[in-house]
Amino acid sequence: MNVLVTGGAGFIGSHIVDRLIADGHTVAVVDILATGTRANLNPEAALYEIDIRSPALAAAFEAARPEAVFHIAAHASVSESVRDPMHDAEVNVLGTLNVLQLCAAYRVKRIVFSSTGGALYGEPERLPADEGHPVRPLSPYGASKAAAEAYVQTFCALSDIRYTVLRYGNVYGPRQDPFGEAGVVAIFANAMMSGQQPIIFGDGSHERDYVYVEDVVRANVLALAQERDAVYNIGTGEGTTVSQVFDALAGATDYGGSPEHADERPGDVHRIYLDVRLAERELGWRATVPLGEGILRTVEAMREAEAGTR
């Protein structure tokens, strides 16, 4: 089918685009290349460098005539959302609403929306956190994703569009930006491979659900074929501390140093991992790549990318 992917030159989006093209779909990408890159973009995908907030986004829908939309483009930094919540809301809420209005106007059949499980539930009252857990975000980023989810569900009910919302844990893997503020695996790996000292915010006991990007791609592909409207957590169901991630990466990169510790950042949840049994039952999905293997794959891909730039 004809598929449009917002954020399709970014970390997660570009992997989804690759899989969709491999599966025989015709793919159009909307991406302003703020965090995404042309190097990530599949050459068989049409690129429209249009902001998802812009009225010009209609041109991409007019040209691509998508039957399905993967809405992945987002402002995805917790710390930046605390500093500039207005920008965060403009991208994640108003941008999503613009995408939804065009989905309705162009009679899109299904939208798959990338949300967050790590920032949505706040400090959880039970672990692992399931989809029915109260939504109590601690950051503007989590709040903007909660609002966007509400718009997806409401707008789709009014427009007869089917939807799947995927609430990710902490996604990591090849192509993740090592120079941003999100993505501790890429940030730590890049620092270690460059001989720099990684910074841990807090004492290293913060716990997250780290899920490999290949598993996330598979969840998106399964969602495309789904008939029902649904919301699913996408993670491993297990928590891993930042210190454990540091140790695993140190082993994979042969880094012998210790981390620098800095103050905790406002808005960060201390401990969260996700109950993924609903996705297993209804979507037929579960994570298959263990953290150790995923970290080795990520480091290998970063080394290959570095060698390719020399």
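This report walks through a helix, a strand, the nonpolar cores, the cysteines and some aromatic rings of one protein model.

The model is predicted, so local features need pLDDT of at least 70 and side-chain atom pairs count only at pLDDT 80 or more, while totals for chains, interfaces and linings use all residues. Residues are numbered from 1 along each chain as its sequence is written, and side-chain values use heavy atoms, with hydrogens and water left out.

**Helix H4**

Helices (H or I, at least four residues) and strands (E, at least two) are DSSP runs, numbered from the N terminus. Let's start with helix H4, which covers residues 85-105. How far apart are its end C-alpha atoms? They are 29 Å apart, which agrees with the 30 Å that its 21 residues should span at 1.5 Å a residue. That expected span is 1.5 Å times one less than the number of residues.

Buried means under 20% relative accessible area, exposed over 50%, and partly exposed in between (1.4 Å probe, protein chains only). Among the buried residues of H4 are Asp88, Val91, Gly95, Leu102 and Cys103. Their cover includes strand E1 (2-6), strand E4 (68-71), strand E5 (110-116) and helix H5 (140-159). After H4 comes Arg107, with a positive phi near 55°.

Two strands pair if DSSP finds at least two bridges between them. E4 and E5 run parallel and are joined by four bridges; here Phe70 has Val112 as its bridge partner. E5 also pairs with E6 in the parallel sense, over seven bridges, and Ser114 stands opposite Leu166 in E6.

**Nonpolar cores**

A nonpolar core is a set of buried Ala, Val, Leu, Ile, Met, Phe, Trp, Tyr and Cys residues joined through side-chain atoms within 4.5 Å. The largest one has 42 residues, of which Ile12, Phe70 and Ile234 touch the most other members. Elements giving two or more residues to this core include E1, E4, helix H7 (213-224) and strand E11 (230-234). H7 gives the most, with seven residues. Apart from this core lies another, of 29 residues, among them Ala73, Leu102, Ile111 and Val165.

Contact means heavy atoms within 4.5 Å. Leaving aside neighbours within four places in sequence, Ile12 is in contact with Ile72, Tyr168, Val171, Val213 and Val216.

**Cysteines and aromatic rings**

A disulfide is a covalent bond between the sulfur atoms of two cysteines. Here it is counted as a pair of cysteine sulfur atoms within 2.5 Å. How many disulfides does this rule give? The count comes to zero. The sulfur of Cys156 is 7.3 Å from the closest cysteine sulfur, in Cys103, which is too far for a bond.

Rings of Phe, Tyr and Trp (its six-membered ring) pair if their centres lie within 6.5 Å; planes under 30 degrees apart count as stacked, over 60 as edge-to-face and the rest as tilted. The model has four aromatic pairs by this rule. One of them joins Phe246 and Tyr255 edge-to-face, at 6.1 Å centre to centre and 85° between the planes. Ring pairs link Phe188, Phe246 and Tyr255 into a cluster.

| Residue | Relative accessible area |
|---|---|
| Cys103 | 0% |
| Cys156 | 1% |
| Thr298 | 1% |
| Phe246 | 5% |
| Tyr255 | 16% |
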